[in-house]
Amino acid sequence: MAEPMAELMAPARSFVRRVDATTPARRDRAVDALRALAICGVVLGHWFVTALVPGDDGTLHTASPLQDMPWLAPVSWLFQTLAVFFLVGGHVATKSYAAARARGDTYGRWLRARLGRLFRPVTAVLTLWAVAAGGMLLAGVPFATVHTLGKPALSPMWFLLVLVGLTAATPLVARLNPLWPVAVVLHVDLIRFGFGGPARLGWVNVAAGWLVPYTLGAAWTRGEPTRRAGWALLTGGAVATAGLILFAGYPASMVGVPGATMSNLNPPTLAAVAFGLAQCGLALLLLDPLRRWTRRPAAWAAVALANLSAMTVFLWHQTALMAVTAAGLLAGRLPGLHTAPDSPAWVAARVAWLPAFGLGLAVCGAAFFAYEHGGGRGGASRAASPEGRRPFRGAGLSPSAAPPRGARSPTGPHP
């Protein structure tokens, strides 16, 4: 029994050793680990708080366990990890732009190279959902159901629009003090909530709110962050978030709740920004532990594979949820999948469904990964090529190479 098992595990061990051995020594593996953790948080958060419940009229409607069980709000604190993603994005983009300038590349060439990696994955998602929506409508599926299925699946696109905008503005914001966008968010919320200003003013915070962690990432590029800075962000952000929730009337949930009069995320509020600062502080404090952990070949191979598939996972995870939910209707209303999310029993049942969602995501990944990566050869083995050329293209973001101690300017191969 031991020998057949060893034979089955041999390819996996070979892959792990190859990825570890061919990763450039100066690569900062903690950056990739943070990105992987952020993606996992977003995916698990969506799978946990998004429920599709059939109504009496046969249509599906969206519900959330946070609506009937507000005591679950702390769960959103664990899974709302977009600030960490923008922190890493700002760090990697500014490092990439500096390296491009050092090579003599123009801004336009640099921007086209970075944004070009996003277009193929987005095209695949939009094409599939256009065909699926048209087919469902022709088959007589109510428009309300089609809308309910499609909206969550396509909602990740807003993130990409913000990412594109911030990436394009990288040369302008690379040295911007993060306190400036914090001040914008503060004044917008003060006008909206304190003086009864127009609600649409809050959409200014879509750019300003996510610019805060992005500029923190740029500051990270300019110099290795200190533990003191990490602790200051973590404690200051946590205290500010608690104060805004307890004394200023901000919601405790860091994600939107159906039917709620106010959302911390749509658009971002001062509470969401303060919470993001705390998350960024914790991320910076985790850098050294993550560097030690990713020295283990198996851990690094898992992180590398997650980063290689990051954009695929991000764009398709809600489609996987929708597909499993729709397929499950063939067997009737299943607990945790089609039942109202209003009890701890639903929570337990939803946790049991997570492997099925993961399987659906794996199917989507297998079907579209090659297309999204241009049909190139090499797959995961290219994730850590000896030359370090553009690994993790599936993430839509570039890797980070650790600068020498005390260095004030980024270094790294072909970001």
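Q: Which are the buried residues of helix 10?
A: A residue is called buried when its relative accessible area is under 20%, exposed when that area is over 50%, and partly exposed in between, using a 1.4 Å probe and protein chains only. Helices (H or I, at least four residues) and strands (E, at least two) are DSSP runs, numbered from the N terminus. The structure is a predicted model, in which local features need pLDDT of at least 70 and side-chain atom pairs count only at pLDDT 80 or more, while totals for chains, interfaces and linings use all residues. Residues are numbered from 1 along each chain as its sequence is written, and side-chain values use heavy atoms, with hydrogens and water left out. In helix 10, the buried residues are Pro181, Val182, Val185, Val188, Asp189 and Arg192.

Q: What is the span of helix 10, from its first C-alpha to its last?
A: The expected span of a helix is 1.5 Å times one less than its number of residues. With 16 residues, helix 10 reaches 21 Å, which is close to the 22 Å expected. Just after this helix, Gly196 takes a positive phi of about 65°.

Q: Is Arg192 buried or exposed?
A: Arg192, which lies in helix 10 (residues 179–194), has a relative accessible area of 11% and therefore counts as buried. A polar contact is a pair of N or O atoms within 3.5 Å; within protein, one must be able to donate a hydrogen and the other to accept it, and residues adjacent in sequence count only if both atoms are side-chain atoms. The side chain of Arg192 makes such a contact with the side chain of Asp189, at 2.9 Å. Contact in general means heavy atoms within 4.5 Å; leaving aside neighbours within four places in sequence, Arg192 has contacts that include Gly197, Leu201, Asn205 and Pro267. Pro267 is placed in the loop between helix 12 (227–247) and helix 13, and a cis peptide bond, with omega about 5°, joins Asn266 to Pro267.

Q: How many aromatic pairs are there?
A: A pair of aromatic rings is described by the distance of the centres and the angle of the planes. Rings of Phe, Tyr and Trp (its six-membered ring) pair if their centres lie within 6.5 Å, and planes under 30 degrees apart count as stacked, over 60 as edge-to-face and the rest as tilted. By this rule, the count is twelve aromatic pairs. In one of them, the rings of Phe48 and Trp346 have centres 6.4 Å apart and planes at 65°, so this pair is edge-to-face. The pair links distant parts of the chain, 298 residues apart, with Phe48 in helix 2 (residues 29–49) and Trp346 in helix 17 (residues 344–372). Both Phe48 and Trp346 are buried.

Q: Which residues do ring pairs link into a cluster?
A: The cluster is made up of Phe85, Phe86, Trp158, Phe159, Trp210 and Phe314.
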